[in-house]
Amino acid sequence: MPQEESMRQRKQGAQHQQKHEEVPEKAEEKHEGLIEFHNSYRELFQFFCSNTTIHGAIRLVCSKKNKMKTAFWSVLFFLTFGLMYWQFGILYREYFSFPVSLNLNLNSDRLTFPAVTLCTLNPYRYSAVQKELDELDRITHQTLMDMYNYNMSVAQSDWAAQYTHKRSSRSLFHYVQRHPLRRHKRDNPAIVEENNPPVDKSDWKIGFLLCNEKSDDCFHQTYSSGVDAVREWYSFHYINILARMPSTKDVDESNFESFIYACRFNDVTCDKANYTHFHHPIYGNCYTFNDDNSSLWTSSLPGINNGLSLVVRTEQNDFIPLLSTVTGARVMVHNQNEPAFMDDGGFNVRPGIETSISMRKEMTLRLGGSYSDCTEDGKDVPVQNLYSSRYTEQVCIRSCFQLNMVKRCGCAYYFYPLPSGAEYCDYTKHIAWGYCYYKLQAEFKADILGCFRKCRKPCKMTEYHLSAGYSRWPSALSEDWVFHMLSQQNKYNITSKRNGVAKVNIFFEEWKYKTNGESPAFTVVTLLSQLGNQWSLWFGSSVFSVAELAELILDIVVITCILSFRWLRTWHEPASTMPPPGGHDNTDFQSEVSGPSTPHRFTVEAVVTMLPPYNSLERCESSRDAETGLE
C-alpha cells in the first residue's frame with residue numbers, strides 16, 4: 001500500500017508538471033502573432049543596441065557593468081546624434097532657401113542686330129505750333145525779364161496784336177498766373193520774392209506754385225537751378241497745350257530724308273521697309289530701325305563696316321528755345337518689340353562729330369518659381385500693360401504710374417499711353433492736376449505706390465553694353481566736298497555747316513555673346529548626398545541604419561501608446577472590481593499575460609495534500625494489523 005500510494009503521488013506530480021509545462025506553451029502560442037513589440041523600454045533599447053549597424057551603439061550594452069563607460073558612451077552617442085541633426089538642419093535650411101548657381105557661357109554665332117531708335121531732339125517745329133505757344137512765350141519772356149532782368153530776343157513781330165486776336169490767350173494767361181514762377185528763400189519758403197531781383201541770389205531757390213482745387217493746400221515745386229526751374233515750368237504749360245490739340249500727332253516731321261541724309265547697313269542702303277516712325281512730345285520725331293520681326297538684320301562679322309551707319313541733320317534753326325536746350329540727336333539701342341524709353345537708356349550725339357558705338361550682347365536667363373520672383377511674360381504681374389509691346393520692367397513701372405494717375409487725379413499724364421476711358425490732363429478741365437501729379441510723383445519715387453515691388457524682372461533678358469568713341473566729322477580738309485555733295489543730294493543749305501550734321505556708327509565689337517544662366521545649386525539628389533555624407537561622418541552607417549532608427553522610433557511610439565492606454569484603463573476602472581482587503585484573489589495574477597510593465601511574470605500553482613483525520617489513521621492502522629495476521 002505505501003508503494004501504491006507513492007506511485008499514485010508520483011503520477012499526480014507528473015500530471016501537475018505536465019500541466020505546468022503546457023501553460024507557458026499555451027501562453028507562448030497566445031503571444032505569437034504577425035506584429036509583436038517588446039515588453040519594456042529597457043528590453044527595446046537592449047535589443048536595438050545589440051543588433052543595430054550604427055557604430056558605437058553596441059558599446060552601450062557591452063559596457064553596462066562599468067557605469068563610467070556606460071555614461072561616457074551614452075553622452076558621446078547622444079552628443080553625436082545632436083551634432084548630426086544640427087548639420088541636417090543647416091542642410092535643410094539651405095535647400096529650402098532655393099539657392100542658384102550662375103553659369104557663364106560664351107556663344108559664337110550669327111548675331112541678330114538690335115533695334116536702334118534715333119530722335120531729332122526737336123519736339124515740334126516752331127512754325128507749326130507758334131500760334132499756340134505765342135502767349136506762353138510772351139509770359140515766359142516777361143517772367144525772365146522780371147526775375148533775371150534778361151531780354152530774350154524772339155522772332156515774333158507784335159505780341160500785343162496777336163494777343164488781342166486770341167480768345168484762348170486770356171484763358172491761358174489765367175491758368176499760367178495760377179501757377180506763377182517765383183523765387184523764395186532756401187531756409188524759409190514762406191518768404192517769396194516780389195518784383196525786384198535780389199542782389200544775393202545764392203540764398204534763393206526758383207519754383208512754381210501748385211494748389212489743390214480749393215486752393216487751401218499749396219506747395220512750391222522748387223529747383224536749385226534756375227534753368228531747370230524755367231524748363232520744367234515751361235514744359236508743364238506746354239503739356240497742357242498739347243493735351244488740347246486733337247491733331248498733335250499730325251503736327252510732326254514725317255519726312256525721313258529731311259532728318260537722315262544717309263543710312264547703310266552691311267554696306268546696303270536702307271529703305272522705308274527698314275524703319276518705323278513715331279513722335280515723342282519732348283524728343284520729337286523718332287525713327288526705329290530693324291524693328292520688324294519678319295525681316296531682321298543679322299551681323300555675320302564684327303566691326304564698323306558690318307553695322308549701321310547714319311548721317312543725320314542736327315541743325316538748330318527751328319528749335320523751341322525754351323524747351324530744347326540740347327543740340328544734336330538722341331540714339332538708343334534696345335530689343336525688338338520693346339518701346340524706346342529715350343530718357344532712360346538713350347544718349348546724345350554731338351553735331352560735327354562722328355560717334356562710333358560698339359556693342360556687346362549679353363543674355364540673362366533666370367529661374368522662376370521658388371528660385372526667384374521673375375516673370376515669364378508678365379501675365380502674373382498685377383499691373384495692366386498699357387503699351388502695345390511685350391513685358392519689360394520699365395513698361396510695367398510706367399503703366400503702374402499711369403493707372404495710379406488716372407485713379408488719383410482723374411486724368412492721364414500726356415507722356416504715357418492713355419488707358420481706356422480716360423483723357424489726358426489739361427488744367428482747363430482738371431484744375432488741380434499739377435498739384436496731384438507732383439504729389440503722386442513723390443510717392444512714386446518713394447515706392448509708396450508699390451510699383452517697384454509689383455513689377456518684377458523678366459526671366460529672360462537681353463542687354464547691350466555700349467562703348468562710344470568720338471572724332472571730328474567731317475575733317476577740315478574734307479568738309480568742303482562733303483557738304484557740297486550733301487547740298488546736291490539732300491538740299492543741305494544750312495549756313496552753320498559744322499553744327500548742322502553728325503555721323504553715327506553702331507556695330508558689334510566681337511563675334512560672340514555671353515549668356516548668364518541660372519541652375520539649381522541644391523537639388524534633391526544633392527540634398528540626399530549631403531545627408532548621407534553627414535550620416536557616414538558621424539556614425540559610419542548606411543541607409544539600412546536609417547531604417548533601423550525609424551523602426552526604433554516606431555517601437556517607442558507604440559510602446560508608449562500601449563502603456564498610456566493601460567494606465568488610462570486602470571485609472572478609470574471601478575473600485576468594485578478591486579479585491580477586498582486580506583483577500584487572496586490570484587486570478588489576475590495567474591491569468592494575465594505578461595505586459596510591458598511586467599517583463600518577467602511567472603505563474604505559480606501550489607499542490608496541497610490534505611492530511612487525513614486522526615480517526616481515519618486509527619482505522620488504517622487496525623486494518624493493516626488484520627492483514628498481517630492473515631498472512
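Salt bridges in the predicted model

Guide: A network of salt bridges links D343, D344 and R398. In this predicted model, the salt bridges number 10 in total, and some of the others can be described pair by pair.

R390 is joined to E338 by a salt bridge whose closest N and O atoms are 3.1 Å apart. Because R390 belongs to the loop between strand 15 (353-365) and helix 10 (393-409), while E338 belongs to the loop between strand 13 (329-334) and helix 9 (342-345), this pair ties together parts that are 52 residues apart in sequence. With a relative accessible area of 40%, R390 is partly exposed.

The loop between strand 15 and helix 10 also holds D380, whose side chain meets that of R456 in a salt bridge with an N to O distance of 2.6 Å. R456 lies in the loop between helix 12 (451-454) and strand 16 (460-472), so its pairing with D380 ties together parts that are 76 residues apart in sequence. The two partners fall into separate accessibility classes: R456 has a relative accessible area of 18% and is therefore buried, the cut-off being under 20%, whereas D380, at 45% relative accessibility, counts as partly exposed.

A further salt bridge pairs K429 with E423, and here the closest N and O atoms are 3.9 Å apart. K429 is exposed, its relative accessible area being 60%, while E423 counts as partly exposed at 36% relative accessibility.

Methods. Residues are numbered from 1 along each chain as its sequence is written. This is a predicted model: local features need pLDDT of at least 70, side-chain atom pairs count only at pLDDT 80 or more; totals for chains, interfaces and linings use all residues. Side-chain values use heavy atoms; hydrogens and water are left out. A salt bridge is a side-chain nitrogen of Lys or Arg within 4 Å of a carboxyl oxygen of Asp or Glu. Helices (H or I, at least four residues) and strands (E, at least two) are DSSP runs, numbered from the N terminus. Buried means under 20% relative accessible area, exposed over 50%, partly exposed in between (1.4 Å probe, protein chains only).
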